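Work through the exercises below with the sequence and the structure side by side, and try each task before you read its solution.

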Amino acid sequence: MAPRWKGKDAEAAALAEPMSILVSQLQSSLLESNSQGLLVGCTILLLAAHPEQTNLFIRTAFGHPRKTAEKDNKQWFNLSLEEALYLCVVMKCIKIVGIGKRPLDDQELWSYTTSKRVGFPILFKAYCHLRSKNWVMRAGSQYGVDFVAYRHHPSLVHSEYSVLALPDDGECTNDRLKVWSDFHCTLRLCGSVAKTLLVLRVSKRGKDVISLSSLEHCYVEEVIVPRWNPELSRQNQAMIVEKDLCKSRT
């Protein structure tokens with residue numbers, strides 16, 4: 001499925017500012033400002049150091065601006081657990097602090113995030129897999145999936161993929177795509193919103209994912225699932241029958 005750009009100039013705007021360059025600029029900006037994120041339940045609050053950093057957060061589609069009653073120019077952002085851990089552990093450009101503003105180490109972060117969401121290791125591995133390829137990832141709950149993936153900023157292009165992250169060892173906590181009816185409903189929903197279903201199968205290679213370091217040994221297989229069209233199948237079957245009849249008459 002080709003990208004569905006929002007406006008005639010959207011594709012040119014995306015090509016002029018590749019997401020990889022924007023993310024690299026954000027990484028440098030966060031490192032220079034020694035940015036820290038604050039744990040608040042299932043989200044992380046991060047204060048942009050200056051207006052230019054606020055602009056970079058918005059252009060890279062990390063987090064969501066948080067409205068506050070403060071009259072100064074400070075801008076807070078809500079980061080999801082996946083976004084915060086990606087910036088902290090993969091890009092290594094922020095620190096995450098807990099009670100007492102003490103920076104948390106990798107194992108403490110891992111224990112916290114995995115306790116807050118069932119199946120978080122699989123979700124995080126899937127998020128990293130696509131975000132590292134410069135796809136913009138957003139929550140996909142409104143479409144009945146884990147994520148939706150954008151080729152560039154959501155203001156420039158519609159999302160192309162509805163993404164489901166599933167373990168490849170049969171240990172599935174959400175029981176998705178185990179029966180035909182779920183397959184059919186998911187594919188119909190994807191088709192109705194002009195998205196393609198992308199299943200990311202995460203293989204743990206027979207090992208338990210108990211830390212961030214063990215997650216590095218997992219690999220991801222991309223599976224694009226096209227929608228089955230029964231009408232098309234009937235038409236093709238009718239053509240086969242007709243050809244067989246013609247052959248029998250000759």
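**Exercise 1.** Among the elements of the chain, which has the lowest mean pLDDT and which the highest?

Solution. This is a predicted model, in which local features need pLDDT of at least 70 and side-chain atom pairs count only at pLDDT 80 or more, while totals for chains, interfaces and linings use all residues. Residues are numbered from 1 along each chain as its sequence is written, and side-chain values use heavy atoms, with hydrogens and water left out. The pLDDT is the predictor's confidence in each residue, from 0 to 100. Helix H9 (residues 230-249) has the lowest mean, 53, and strand E7 (residues 147-150) has the highest, 97. Helices (H or I, at least four residues) and strands (E, at least two) are DSSP runs, numbered from the N terminus. Where pLDDT is low, the predicted coordinates should not be read in detail.

**Exercise 2.** Determine the strand order of the open sheet of 5 strands.

Solution. The order is E3-E4-E2-E1-E5, with mixed pairing, where two strands pair if DSSP finds at least two bridges between them. Strand E3 (64-66) and strand E5 (95-97) each pair on one side only, which makes them the edge strands. Further in, strand E2 (residues 43-47) and strand E4 (residues 76-80) are antiparallel over 5 bridges, and threonine 43 has serine 80 in E4 as its bridge partner.

**Exercise 3.** List the residues that phenylalanine 57 touches, not counting those up to four places away in sequence.

Solution. With contact meaning heavy atoms within 4.5 Å, phenylalanine 57 touches Leu26, Leu30, Leu46, Phe62, Phe77, Leu79 and Leu87.
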